[in-house]
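Please keep the viewer open as you read.

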Amino acid sequence: VDHALRRRFAFLALGPQYDVLERFHEGKPFKPQGLVHVLKDLNQKIADAHYEVGISFFLRDDIAAQIEDVWRMEIEPYLEEYFFDRMEVVDQFRWSKVGSRVQGTMA
């Protein structure tokens, strides 16, 4: 089925558009610069454009209040599955390690 679909449709590469995330949060309480840096670091570790963590998790007006939950309940489980054989990489990107960077504060 996969090959049949690929013959019939065009596919566009859609990587994380960090500028869209920054524009979405312009003038809002949440400042996304720290998050963008963490996502870039994370996606560099993933090193496969097909599996990069995108920005859609964070396109929420209430992200300042919800970001820890989003990270712990959506990003961390994904990383645990992706890096199942390299938990030391997952540990580098646990909320307890990246939360202060994401929120733009020093730990």
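Contact means heavy atoms within 4.5 Å, and helices are DSSP runs (H or I, at least four residues), numbered from the N terminus, as are strands (E, at least two). With that in hand, turn to helix H6: its buried residues pack against helix H3 (33-46), helix H4 (63-82) and helix H5 (87-92).

A word on the source: this is a predicted model, in which local features need pLDDT of at least 70 and side-chain atom pairs count only at pLDDT 80 or more, while totals for chains, interfaces and linings use all residues. Residues are numbered from 1 along each chain as its sequence is written, and side-chain values use heavy atoms, with hydrogens and water left out.

**Helix H6**

Which residues of helix H6 are buried? In this helix, residues 95-102, they are Trp95, Val98, Gly99, Ser100 and Val102. Buried means under 20% relative accessible area, exposed means over 50%, and partly exposed lies in between (1.4 Å probe, protein chains only). An α-helix has 3.6 residues a turn, so residues three or four places apart point the same way. After H6 comes Gly104, with a positive phi near 75 degrees.

**Salt bridges**

A salt bridge here is a side-chain nitrogen of Lys or Arg within 4 Å of a carboxyl oxygen of Asp or Glu. The structure holds 9 of them, including these:

| Pair | N to O distance |
|---|---|
| Arg101 and Asp41 | 2.5 Å |
| Glu76 and Arg94 | 3.2 Å |
| Arg94 and Asp91 | 3.0 Å |

The side chains of Arg101 and Asp41 meet in a salt bridge. Because Arg101 lies in helix H6 and Asp41 in helix H3, this pair ties together parts that are 60 residues apart in sequence. Arg101 is partly exposed at 37% relative accessible area, and Asp41 is partly exposed at 32%.

Glu76 and Arg94 also form a salt bridge. This pair links distant parts of the chain, with Glu76 in helix H4 and Arg94 in the loop between H5 and H6, 18 residues apart. Glu76, Glu80, Asp91 and Arg94 are linked in a network of salt bridges.

**A nonpolar patch**

Leu5, Phe9 and Phe11 make a nonpolar surface patch of about 330 Å². Patches are made of residues with over 30% relative accessible area and no salt bridge, joining like charges within 9 Å and nonpolar side chains (Val, Leu, Ile, Met, Phe, Trp, Tyr) within 5 Å. Accessible areas come from the Shrake-Rupley method with a 1.4 Å probe, and for residues only the protein chains shown count as cover. Phe9 sits in the loop between helix H1 (2-8) and helix H2 (18-24) and counts as exposed, at 52% relative accessibility.
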